[in-house]
Amino acid sequence: MNQNITKKYITLSSIIAVLIIILIAVILLKNKGYSLPTLKAINSNISEIIIKRGANETISIKYNDNKWTVNDKYNADNSLIEAMTNALNIIQPTEIVSRGDDEAMLKYKLSDDEVLSVEAFDSSSKNVRNIKFGMKSAFGNSVYAKINNDKNIYLLGNTSSNPKDIFDKTENDLINKTISKIKNDDIENITIEYNNNAYTLEKPKDNTNNVWIKTWNNTEVKANDVYTSIFTLANLNADGLITNENINKNNTLYKINIKTSDNNNKTYEILNKLDDNNYEIVNTDDDNRYYMTENSFNTFIEAINYITK
C-alpha cells in the first residue's frame, strides 16, 4: 500500500519536474536573440503626463504653481496622479513577447486605434517615459506594451495593480471632485439650511460627555450616534462635472455651513434636480459646476434627516 503511494508520488514529482524543465526551455528559446531592457529611474521631477486613448482622446496633466491640472482647466485628483508618477518609476519589462510585427500588433491590441499611449516629460520638456499599453495579460498584473522606440513587444509589470489600469482614466476620472473633506474632531458646529429653517448641531467647548447639542431644541445627542451622518456631510465628493454651459442653475435645496476649530470653514449648496435627474452642487471654493447622482443624493438626505429629526 505504502509502496504504491510512494511510486505514485515519485511519478507525479517526475512529471512536474519535466514540465518545469520544458517551461524553462520554452522561455529561453523564446527570448533567444533578445535582450530584456531596463527602464532607468526618472531622476528629475515629472511636470507633464500626456495620455492618448487611440485617436479619440488626449488628456494633458500638468504641474504648475504647486498643483496638478487636467487639460489646463480642472484641479486633478492628487492621489491618482501620485499613483501614475510612482508607476512610471517602477514599471519594468518582465518578458519579451514578440518582435512587434503587424500580426502581433493586432493580436495584443497595440494598433493605433486601440493603444493607450502614455508620455511623461520633466520640467525641461524632456521626454522621460514613452509607453504604449495594449491588451492586459490574462494572468498576473501585467500588460502587453511597447516602450520608447523599441519595436519589440514586452510584458510590463512590477506594480501592485495592472499598469494599464493606473493610466486608463478619462478626464472625468482624473478631476478632483472633493467638495468637502473635514475630520469630525475638527468640527465646532455644522448648520443645515433648508425650507427657510436652520438646524445647527454644535459641539460643547467642554465636551467631557462626548455629545453634540441640537441648538434648535436644546437637546443632546451622543457623538457616536451622529458620527456617520456628520462624516457624510463633512466629506462630500461630487460624482462628476457639469460641462454643458447651457444647463441653467436651479434654486437651492440645502445649504451646508461647517465651522472648524482651525478656521478651515466650508460652505456648499445642493440645488434642485436637473433634467437628467442629477443634483447640482455649488462649491464655494471654485467656479466649476459639479453634480451628484440620485443615489448619492439619497445618502446625503439620510444624513440630513438623521441629524434634524
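**View 1. Helix 6 passes helix 7 in a left-handed crossing, that is, one in which the near helix is turned anticlockwise from the far one by less than a right angle.** By class, the contact of helix 6 with helix 7 comprises eight nonpolar, three polar and one charged residues, where Ala, Val, Leu, Ile, Met, Phe, Trp, Tyr, Cys and Pro count as nonpolar, Asp, Glu, Lys and Arg as charged, and the others, Gly among them, as polar. The model is predicted, so local features need pLDDT of at least 70 and side-chain atom pairs count only at pLDDT 80 or more, while totals for chains, interfaces and linings use all residues. Residues are numbered from 1 along each chain as its sequence is written, and side-chain values use heavy atoms, with hydrogens and water left out.

**View 2. Residues of helix 6 meet residues of helix 7.** Asp225, Val226, Ser229, Ile230, Thr232 and Leu233 in helix 6 are in contact with Thr299, Phe300, Ala303, Ile304, Tyr306 and Ile307 in helix 7 (contact means heavy atoms within 4.5 Å).

**View 3. Asn196 lies in the loop between strand 10 (187-194) and strand 11 (197-202).** Although Asn196 is not a glycine, its phi is positive, at about 60°.

**View 4. Asn158 is placed in the loop between strand 9 (153-157) and helix 4 (163-167).** Asn158, likewise not a glycine, has a positive phi of about 80°. Most residues other than glycine have a negative phi.

Technical notes. Helices (H or I, at least four residues) and strands (E, at least two) are DSSP runs, numbered from the N terminus.
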